[in-house]
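Thanks for coming. I'll take a few minutes to go through the charged pairs in this protein, and then say where to be careful.

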Amino acid sequence: MAVPERDASDDGPDTAVGPALRISSPAGKWVLLTTVLGSSMALLDSTVVNVALPAIGRDLDASLAALQWTVNGYMLSLAGLILLGGSLGDRFGRRRIFVVGVVWFAAASLMCGLAPNVGILIAARVLQGVGGALLTPGSLAIIQASFHPADRARAVGLWSGFGGVGAAVGPFLGGWLVDGPGWRWVFLLNIPAALVCVPVALRHVPESSGTFDGTSDAGKAGSGEAAVHRRFDVLGAVLGAAALALVTYALIEARSGSVLVPVTAVAGVAAGVAFVRVERRRPDPMMPPDIFASRQFTAVNLVTLCVYAAFGGFFFLTALQLQVVAGYSALEAGTALLPTTALMLLFSARSGELAQRIGPRIPLTVGPLLCATAMLLMLRVGEGASYVADVLPALVVMGLGMVTLVAPLTSTVLASVDTGRAGLASGINNAAARAAGLVAVAALPVLTGMGSEAYRSADAFDAAFRRAMPLCAGVLVVGAVLAFTTVRRPAPDCRRPECRTHGSILAPPLEPRRTSHGTLGPAGPARPAGPDTPGPGPGPTP
């Protein structure tokens with residue numbers, strides 16, 4: 001469908017030329033529907049699978065290590081490739097890469113749903129993560145490239161809000177499917193969503209590529225910019241993913257005593273060192289090292305690692321604790337988790353507004369402490385636990401803690417770098433959160449002495465769970481201390497998040513990029529580089 005382009009003079013000299021869809025137009029509604037459907041597929045699969053783990057284990061006779069890989073296989077490829085996925089859309093076309101991601105994700109979901117054994121299920125989950133890395137940043141980039149600047153912030157807000165609804169209902173939906181038609185439908189449900197999403201995208205979503213300055217690659221060919229834009233940091237992506245995979249393998253298999261464990265651990269560290277060296281030397285790195293010259297950016301990412309490591313471990317183990325120990329059905333366990341995501345969905349925007357008034361330091365300190373308290377309250381959840389008296393208070397406090405910290409965390413990340421690199425900063429922070437979660441899922445069973453068959457025994461799992469919750473709470477306290485001692489109030493003219501409504505429990509929201517000529521919304525013009533805001537540099541942004 002042809003999309004009219006607007007005159008640059010309509011918006012002044014600092015605004016890019018590009019498509020001018022309005023939310024109220026039929027075309028704008030189709031674009032929103034497509035991007036929400038696509039991103040919700042990936043978001044749902046990151047939340048519903050935990051509830052299905054006991055059923056998967058029983059049906060496929062899987063060990064605890066196999067269940068860990070079922071979760072981490074997806075997170076591994078998603079965290080390792082999400083930055084590269086955004087760059088591929090910039091080069092080859094955002095709609096094209098988004099559609100490829102949706103088709104890839106659906107095909108991997110079909111493979112998951114038909115998996116005859118746990119090995120094939122894990123392989124399919126890794127492939128699902130690749131599809132998620134293509135479609136997640138692509139859906140947001142399509143909105144950024146398609147809508148008129150006056151409607152863009154609202155479009156991003158609607159995309160984020162509807163995605164939050166999907167995250168909130170995910171555990172409930174997953175539990176209903178597990179107790180009803182079976183766990184395989186947790187994955188097969190993606191097929192009809194993809195069958196709707198792909199033809200709508202091909203028919204109604206305008207294609208776009210290049211940077212957000214309104215210039216396509218063809219228009220840059222004469223200046224040599226296209227040559228730079230074509231380079232991808234594939235080596236960096238491979239090394240980063242390899243480091244995560246090898247370290248994760250070493251942690252999950254540590255209980256086996258295999259000689260491969262120390263070998264893979266050393267190889268993982270070596271791959272991590274090689275990744276840093278490659279990123280320092282490449283002219284177009286996936287993760288430019290100079291972005292960490294901002295002390296605030298480095299500090300808030302350390303807080304992110306602590307917070308989301310605890311969250312990843314908590315939600316992985318809690319879904320099992322409620323079913324294995326407390327005796328809940330999958331539907332009851334999924335429903336039990338609703339208060340946390342519902343609170344985030346309802347109050348995340350207001351929390352962001354509060355942080356803008358008082359600064360991020362207090363929310364980023366109080367939020368992790370509230371979450372740590374919630375994890376200690378979960379120690380009351382054992383055999384025959386009452387939902388109202390034992391489970392609900394902990395999950396409400398957990399939700400309040402996440403409401404308090406997630407929005408300020410995102411806004412502090414954006415405020416700590418130059419506006420032109422905000423999209424890159426958001427992508428790095430999102431990938432860091434996912435990486436922290438997958439490492440926690442791999443490490444906690446080892447640290448708590450959880451055996452490979454522990455999830456089959458209520459007593460064994462409960463004992464390990466009671467050791468894990470204080471560990472997670474301790475990591476959150478470390479995050480709170482880091483926030484209190486290192487985070488400072490950002491400059492008043494810094495960029496504000498456009499994704500103000502958020503419901504994901506496993507990663508902070510991704511943020512769209514601004515144009516190279518200035519901002520495309522209420523955030524104001526780009527700030528000049530300062531001691532805590534490094535100037536623009538090379539590197540693709542998601």
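Salt bridges in the model

Eight salt bridges are counted here. Keep in mind that this is a predicted model.

I'll start with Arg 184 and Asp 59, which form a salt bridge with their closest N and O atoms 3.6 Å apart. Arg 184 is partly exposed at 23% relative accessibility, and Asp 59 is partly exposed at 46%.

Next, Arg 456 and Asp 61 form a salt bridge at 3.2 Å, N to O. Arg 456 sits in the loop between helices H17 and H18, and Asp 61 in the loop between H1 and H2, so this pair ties together parts that are 395 residues apart in sequence. Arg 456 is partly exposed at 40%, while Asp 61 is exposed at 60%. Both belong to a salt-bridge network that also takes in Glu 453.

The last pair is Asp 390 with Arg 380, again a salt bridge, with closest N and O atoms 3.6 Å apart. Asp 390 is in helix H16 and Arg 380 in the loop between H15 and H16, so the parts tied together are 10 residues apart in sequence. Asp 390 is buried, because its relative accessible area is 16%, under the 20% cut-off. Arg 380 is partly exposed at 45%.

Now confidence. Mean pLDDT is 82, and 83% of residues reach 70 or more. It stays under 50 over residues 212-230 and over residues 515-542.

How values were computed. Residues are numbered from 1 along each chain as its sequence is written. This is a predicted model: local features need pLDDT of at least 70, side-chain atom pairs count only at pLDDT 80 or more; totals for chains, interfaces and linings use all residues. Side-chain values use heavy atoms; hydrogens and water are left out. pLDDT is the predictor's confidence in each residue, from 0 to 100. Contact means heavy atoms within 4.5 Å. A salt bridge is a side-chain nitrogen of Lys or Arg within 4 Å of a carboxyl oxygen of Asp or Glu. Buried means under 20% relative accessible area, exposed over 50%, partly exposed in between (1.4 Å probe, protein chains only). Helices (H or I, at least four residues) and strands (E, at least two) are DSSP runs, numbered from the N terminus.
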